[in-house]
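Take a look at the fold shown here, and keep it in view while you read. We'll walk through charged pairs, packed helices and aromatic rings, one stop at a time.

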Amino acid sequence: MPCNCCEITDNAFSEAEARSALKSYSRNGPANQTRLILEAIHTLGLKNANLLDIGGGIGAIHHELLADVADAATHVDASSAYLKEAKAEATRRGHGERVNFIHADFTDVAADLPEADIVTLDRVVCCYPDVRGLLEAAANHSRKALALTYPREVWYMQFGLSVINFFQRLRKDPFRVFLHPIAEMDSLIKREGFERVSLRRLFIWEMALYQRTVT
Ligand SMILES: C[S@@+](CC[C@H](N)C(=O)[O-])C[C@H]1O[C@@H](n2cnc3c(N)ncnc32)[C@H](O)[C@@H]1O
């Protein structure tokens, strides 16, 4: 798909937003939807795992999972502002050496990256037009588990995201938000050899955890 998605996404997340996200994480811990991913992954009882966090933002998932579930992580992100804050926080926490930070659209670099035990996409699919390409590449890279959060398919989210996109168009900013059909994402991941083992909902976000059943 011809799309300069990395550049568009990079421009969408400012340094000020990234700093504010890190400040909120430092004060309050992981956001509620991120907690759902973390709780779900902890139920799997994995240890010494490799983590691939796609679009990890300020890196809350690897900052947390490197404590007891993962030995090493790769954080691929299209936003240089978020990556900068994620790296600085990883260094402050003393696990900077255990995280490989990559500034890229994951679909552009996936072929060059190794598989991981756990793959996470927290609030990422809603920032990306080619959900099929992104989820197929993510699922192909997961040996054991895939966890993601995405906006709930309800009227108020359809309305909210269309308002955001209306203002994006007015501003002539090409970045858009997407409410991808949940049933299509679910079927796609299952076709890649996974079963859904957990599904939880908040007002805005839904979290699904998948485990690989077919290798
Ligand atoms: C809304 S932010 C969420 C950040 C973080 N996961 C969180 O929940 O706080 C979306 C993130 O996904 C990243 N992203 C979106 N599409 C991506 C892609 N195809 N490859 C890599 N990163 C992507 C953006 O750069 C951004 O960091």
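A salt bridge here is a side-chain nitrogen of Lys or Arg within 4 Å of a carboxyl oxygen of Asp or Glu. Before we use that, a quick word on where things come from. This is a predicted model, so local features need pLDDT of at least 70 and side-chain atom pairs count only at pLDDT 80 or more, while totals for chains, interfaces and linings use all residues. Residues are numbered from 1 along each chain as its sequence is written, and side-chain values use heavy atoms, with hydrogens and water left out.

Now for the charged pairs. By the salt-bridge rule, the count comes to 12. Find R93 and E89: they form one of these bridges, with their closest N and O atoms 2.7 Å apart. R93 comes out as partly exposed at 37%, whereas E89 is buried at 7%. Salt bridges can also share partners, and that is how E115, D117, R143 and K144 get joined into one network. Another bridge to find is R201 with E206, where the closest N and O atoms are 2.7 Å apart. E206 is buried, at 3% relative accessibility.

Next, look at K84 and E15, a salt bridge whose closest N and O atoms are 3.4 Å apart. K84 sits in helix α5 (residues 80-92) and E15 in helix α2, so this pair links distant parts of the chain, 69 residues apart. Helices (H or I, at least four residues) and strands (E, at least two) are DSSP runs, numbered from the N terminus.

Two packed helices are described by the angle between their axes and the distance between the axes. For α2 and α5, the angle is about 35° and the axes are 8 Å apart. Axes are lines fitted to C-alpha atoms, for helices over the stretch in contact, and angles run from 0 to 180 degrees between N-to-C directions. Which residues make the contact (heavy atoms within 4.5 Å) between α2 and α5? From α2 come E15, A18, R19, A21, L22 and Y25, and from α5 come A81, Y82, K84, E85, E89 and R92.

Rings of Phe, Tyr and Trp (its six-membered ring) pair if their centres lie within 6.5 Å; planes under 30 degrees apart count as stacked, over 60 as edge-to-face and the rest as tilted. A search of the whole structure finds 5 aromatic pairs. One of them is F13 with F175, edge-to-face at 5.8 Å centre to centre and 75° between the planes. F13 lies in the loop between α1 (5-12) and α2 (15-28), and F175 in the loop between α8 (155-170) and α9 (182-191), so the pair ties together parts that are 162 residues apart in sequence. Both F13 and F175 are buried. Ring pairs link F13, Y82 and F175 into a cluster.

Last stop: helix α3 (residues 32-42). Its buried residues are Q33, T34, L36, I37, L38, A40 and I41. Among the elements covering them are α4 (60-65), β4 (116-122), β5 (142-151), β6 (194-201) and β7 (205-212).

Note on methods
Buried means under 20% relative accessible area, exposed over 50%, partly exposed in between (1.4 Å probe, protein chains only). Contact means heavy atoms within 4.5 Å.
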